[in-house]
Amino acid sequence: MLTLTEEILTKTIRVRPNDSYKGTFGRVVLVGGNANYGGAIIMASTAAVYAGAGLVTTGTDTNNLSSLHASLPEAMFVNYYDKVKLSHLVSYATTVVIGPGLGDDFHSQEVLASVLANINQSQSVIIDGSAISLLAANPLDIPDTNLIFTPHEMEWQRLSGIKISDQTSDANQLVQQQLNATVVLKKHHTEIYTGKNIYQLPIGTPAQATGGMGDTLAGMIGGFTAQFDNQENAVLAAVYAHSAIADELARSQYVVLPHQISHALPMFMKRYAN
Ligand SMILES: NC(=O)C1=CN([C@@H]2O[C@H](COP(=O)(O)OP(=O)(O)OC[C@H]3O[C@@H](n4cnc5c(N)ncnc54)[C@H](OP(=O)(O)O)[C@@H]3O)[C@@H](O)[C@H]2O)[C@@H](O)CC1
Ligand SMILES: Nc1ncnc2c1ncn2[C@@H]1O[C@H](COP(=O)(O)OP(=O)(O)O)[C@@H](O)[C@H]1O
Ligand SMILES: [Mg+2]
C-alpha cells in the first residue's frame with residue numbers, strides 16, 4: 001500500500017490559464033437531497049463550487065430550492081423529478097455526483113436509474129451515500145465510464161458483501177477490480193483503490209466525525225475531477241485536501257464542520273497551485 005503525500009496537491013492543482021472561462025473548469029451536476037436530507041446535497045454542491053468547478057447544477061427535491069439558493073447562489077437548480085431536464089443536464093456534464101441524501105425509497109431508485117442511464121463514456125461519475133446502498137440492494141446497469149465509489153465502511157459492506165471486520169486490502173481490491181471503478185473507502189486513514197495502486201491517507205482527524213463530512217468529500221471530488229485533467233490524481237488530491245484542511249482547522253477547533261472545509265478551499269488551493 002502506498003502512502004499518499006502532500007505532493008499530490010502540487011502534482012494536481014494548476015494555476016488557471018488567463019485564456020479561460022467558466023466552461024474551461026467543467027460542468028458538475030450533483031443529484032441527491034430528498035425532502036429530509038437536503039443538507040447533504042447542499043454541502044456536496046458547496047464543496048464543488050468552492051473547489052472551483054466552472055458551473056454547478058444541483059438536482060434535488062423542490063423543497064430544498066430556497067435553502068440551496070440562500071447559502072449557495074452560485075448553484076443552478078433542477079427538480080430531480082423532471083426527467084427530461086435532468087437527463088439533458090446529466091448528458092452535458094463533465095462530472096456527475098449522485099447519492100448524497102438521495103434516500104432509499106422508490107423515488108430515489110427512479111432518480112438513480114434515470115441518471116445512470118444518461119451517463120456517457122467521457123464523464124467521471126462519483127457514486128456516494130444512498131446511491132451506493134441503493135445499488136447494493138437493487139443492482140442496475142453501471143455505465144462504462146470513469147466511476148468513483150465513495151463508501152464508508154458500512155456502505156462498502158453492503159456493496160461488496162465484505163463484512164467490516166473482513167475488509168482487508170486484498171479482499172477490497174478483488175471487488176474493486178470486479179466493479180472496474182475507483183473505490184475511496186472512507187474511514188480514519190481512508191484507503192483509495194484505483195486499479196493500478198492502493199493508497200492510504202496518512203492524515204485526518206476525529207474532528208471530522210460529523211454528518212455531512214462525506215457529502216463534502218463527494219462534492220470536492222466532483223470539483224477536482226471536473227477541472228483537472230488527470231482523473232486519478234484529481235481524486236487523490238481531493239481526498240488529501242479534505243483531511244489536510246480538517247487537520248489545520250482542528251488545531252484550534254474541537255470539531256470541524258463540513259462547510260468550513262469547503263469555505264477554506266479557495267485559499268488552501270491557492271497555496272498549492274503551480
Ligand atoms: N444533513 C444531511 O442531510 C445528511 C444526510 N446524510 C445522508 O444520509 C444518507 C444515509 O447515510 P448514513 O451514512 O447516515 O446512513 P447509512 O448508510 O445507513 O450508514 C449508517 C449505518 O452504518 C453504520 N456504520 C458502520 N460503520 C460506519 C462508518 N464507518 N461510517 C458510517 N456509518 C457506519 C452505522 O452504525 P452506527 O452509527 O449505528 O453504529 C449505521 O448503522 C446518505 O445519503 C447521506 O448522504 C448524511 O450524510 C448525514 C447528513
Ligand atoms: N475519526 C476520523 N478520522 C478521520 N476521518 C474521519 C473520521 N471520522 C470520519 N472521518 C471522515 O469523514 C467522512 C465521513 O463520511 P460519511 O460517513 O460518508 O459522512 P456523511 O455521509 O455524513 O457525509 C469521511 O471522509 C471519513 O474519512
Ligand atoms: Mg456519506
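Predicted model: local features only at pLDDT ≥ 70, side-chain atom pairs only at ≥ 80, totals over all residues.
A residue is taken as buried when 20 or more other C-beta atoms lie within 10 Å of its own.

Zooming out, the protein has eleven helices and ten strands. Its radius of gyration comes to 17 Å, close to the 19 Å that the globule rule gives for 274 residues, so the protein is as compact as a globular protein of that length. The C-alpha trace spans about 45 × 45 × 35 Å along its principal axes, and 49% of the 274 residues count as buried. As for contacts with a separation of 6 or more, 69% of them come from residues 24 or more positions apart.

Now to the annotated positions. An unreviewed UniProt entry places the feature "binding site" at Ala40, Gly101, His152 and Asp215. Ala40 sits in helix H2, residues 38-50, and counts as buried because it has 31 C-beta neighbours inside 10 Å. Leaving aside residues up to four places away in sequence, Ala40 touches Gly101 and Asp215, along with Gly32, Gly33, Pro100, Gly129 and Gly212.

His152 lies in the loop between strand S7 (146-150) and helix H7 (153-160). With 18 C-beta neighbours inside 10 Å, His152 counts as partly exposed. Its contacts, again not counting residues up to four places away in sequence, are Lys186, Lys187 and Gly214.

Notes: Residues numbered from 1 in each chain as written. Chains lettered and ligands numbered in written order. UniProt positions renumbered as here; feature names shortened; annotations may be inferred. Helix = DSSP H or I, 4+ residues; strand = E, 2+ residues; numbered from the N terminus. Buried ≥ 20, exposed ≤ 12 C-beta atoms within 10 Å, placed from the backbone. Contact = placed C-beta atoms within 7 Å. Rg over C-alpha atoms; globule rule 2.2 N^0.38 Å.
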